[in-house]
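Below is a short note for a colleague on helix packing and aromatic contacts in this structure. The points are meant to be read with the model open.

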Amino acid sequence: MADYGLSRRTEPEEGSEDSPSDDDTGISRHVCSRRAYTATFIAAALVGLALLKWQRPWEVLRGARAPEAAQEWFVPNPGHRDQYGNPVADTWDHFQMPWCDSGRRLDGDSGRRRRKSGGGGGKTPEQERCARHKAIAWAFHQKQIQEHWAFVAKRNAVTELHKWQGEHMCTEQLVNTDFISKNGWTDWGGKQSGAHCQRACTNNEKCDGFSWNKWGCFLKSFNSSNETDFAKKHKDEVYSGYPCNKEESDYGWLDKEVDKHTLPTPGNFTDPPEGTMLCIQLILPYSYEVGLLVMQQKHHLSIFQCEQHAVYSSQLLDLGGGLHTRKINSSQLAEMGGQWGTALNTDAFMALWRAVILDGEYLDYAWLVKVDPDTVWFPQRLKPYLLDQDKHNRTEDKGVYLNNCPAGLHGPLEVLSQNAFRSFALASGKCFWAENSWGNWQWGEDMWMDQCFMNSVHNHRIYIPQLLAEDHCNKWWGWESCTAKDRVAFHPFKDQWKYSTCVNNAMPTTTSTTTTTTEETTTREVSQEEALQELLSEQKDALDEEVS
């Protein structure tokens, strides 16, 4: 049975330190043999650790594993099987040591004869092989434990920084913008991110503003006492901003896990027009997701084709074109691990749902659609499925959510009716306690929500195969070409070029795009060739600028 605790962490087993002696004195050879065995073990451990770091020794050992004994030998991926027979990744907090016999020291004449004849310290060849597997497994597990606590330290540091930003009422950062000033200097303490750079600027009396990119944090002051703002220049992947308030004020931040997972009480159902969508994204600041989102807005893609859209992040960002992020209280750092070796991002998305509820905008629309930035999708393809659910009255009472994978809900595209979202919010605290022994610490946000719906909310769950084609579900040979006209979404496309190619392959020869503002509605005909050439030209210009 799988061991989900840490009780089975064992040190690598050493060979016997006894050695046979035919010497009359019997002392010198015995001592030398002990030293030889000790030296051999230390050398083997060092070599094993080196292989672990550089050559992935479990890949080598995997080839020697007998198929009928697959669970007896250490392989970190897929790991071992849980009590239900499902494959489970070995992680720092639930780790299964190899199930095999590594032998024990044999005493008496038989043991001395085996050791004298080179029998490996009284172990059979299979036992020696098992001992090597256990040594590698133990070293791998220790590495996982160290990496986990290093992640926890990093997450705590980022959390404290984001709390500090809230307490000092930091203003938003301008994306793809460089401040121009003759007076500037580098602050290496702010190199880690734009948020770190903003704090460095706040703590420096001479700093009037900052510009940050992956090369470092550059603090700047006005050229003269008459200046009140900086001249600005467009520059990709540069974040600029101003110092925060010097005085500290109260700022609400949830620290307890139960509080994070218990959402505010939602508003009453409003019965909005059928099929209408509020589409949201959560983007990671200072990452490739920012560039994807800016491109989507410029070309009216993804959430910008919905009746309403909103973008959330742990940082307040001015993305240009009138687009601004809304703040969530989370570090947005997610550790890779858990039951399936996925991103453990439930905390970040519970912070997202909390912000959506407090904003209240979801009550004006029949459906809430959360989509990942690297998901290519088409709202007009989704709308017929939503209208069908409205027609069959599945959106009433506890509502309905759409499942996109036979194995369960996957996060790239999550579609919830207004009542389903309200029911999820009302049951969130109950779901936390129901999953506190396992799911809260082992699942990503999509599985956590799916299990909450199925086990606590008990609302309608409708599986639609056409919702999603992705690398982990509902894929076929060539799916990534995005030519399937019946698919609502494709995932993942983290590169702007690949994202653009997928969009254009999925588009018909001519498509209508409708832009809605408070003043007027306009329709523009765009050919597939023109859209592709526009994207190609922009990416070529960006590449030329980066090279220069």
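1. The model is predicted. Tyrosine 239, by contrast, is buried, with a relative accessible area of 4%; the cut-off for buried is under 20%.

2. The structure holds 14 aromatic pairs. Tyrosine 239 and tyrosine 286 form one of them, edge-to-face, at 4.8 Å centre to centre and with 70° between the planes. Tyrosine 239 belongs to strand E7 (residues 231-241), while tyrosine 286 sits in the loop between strand E8 (277-282) and helix H7 (288-298), so this pair ties together parts that are 47 residues apart in sequence.

3. Another edge-to-face pair is made by phenylalanine 424 and tryptophan 448, with 6.2 Å centre to centre and 85° between the planes. Phenylalanine 424 is in helix H10 and tryptophan 448 in helix H12, so the pair ties together parts that are 24 residues apart in sequence. Phenylalanine 424 and tryptophan 448 are both buried.

4. How do the two helices that carry this pair pack? Two packed helices are described by the angle between their axes and the distance between the axes. For H10 (residues 418-434) and H12 (residues 445-457), the angle is about 90° and the axes are 9 Å apart. H10 and H12 are therefore roughly perpendicular to each other.

5. On the H10 side, the residues in contact are Ala420, Ser423, Phe424, Ala427, Ser428, Lys430, Cys431 and Phe432. They meet Trp448, Met449, Cys452, Phe453, Ser456 and Val457 of H12. By class, this contact of H10 with H12 has ten nonpolar, three polar and one charged residues.

6. Is H12 mostly buried or exposed along its length? Ten of its 13 residues are buried, so H12 is largely enclosed by the rest of the structure. The buried residues of H12 include Glu445, Asp446, Asp450 and Gln451, as well as Trp448, Met449, Cys452, Phe453, Ser456 and Val457. Just after H12, histidine 458 takes a positive phi of about 60°, a site to look at when checking the backbone.

7. Two further ring features complete the note. Phe179, Phe222, Phe230 and Tyr242 are linked into a cluster by ring pairs. Elsewhere, arginine 381 lies over the face of phenylalanine 378, at 4.4 Å from the ring centre.

Terms used. Residues numbered from 1 in each chain as written. Predicted model: local features only at pLDDT ≥ 70, side-chain atom pairs only at ≥ 80, totals over all residues. Heavy atoms only, no water. Axes fitted to C-alpha atoms, helices over the stretch in contact; angles between N-to-C directions. Helix = DSSP H or I, 4+ residues; strand = E, 2+ residues; numbered from the N terminus. Parallel < 35°, antiparallel > 145°, perpendicular 65-115°, else oblique. Contact = heavy atoms within 4.5 Å. Nonpolar A, V, L, I, M, F, W, Y, C, P; charged D, E, K, R; others polar. Phe/Tyr/Trp six-rings, centres within 6.5 Å; stacked < 30°, edge-to-face > 60°. Buried < 20%, exposed > 50% of the residue type's maximum accessible area, 1.4 Å probe, protein only. Lys NZ or Arg CZ within 6 Å of the ring centre and 35° of its normal.
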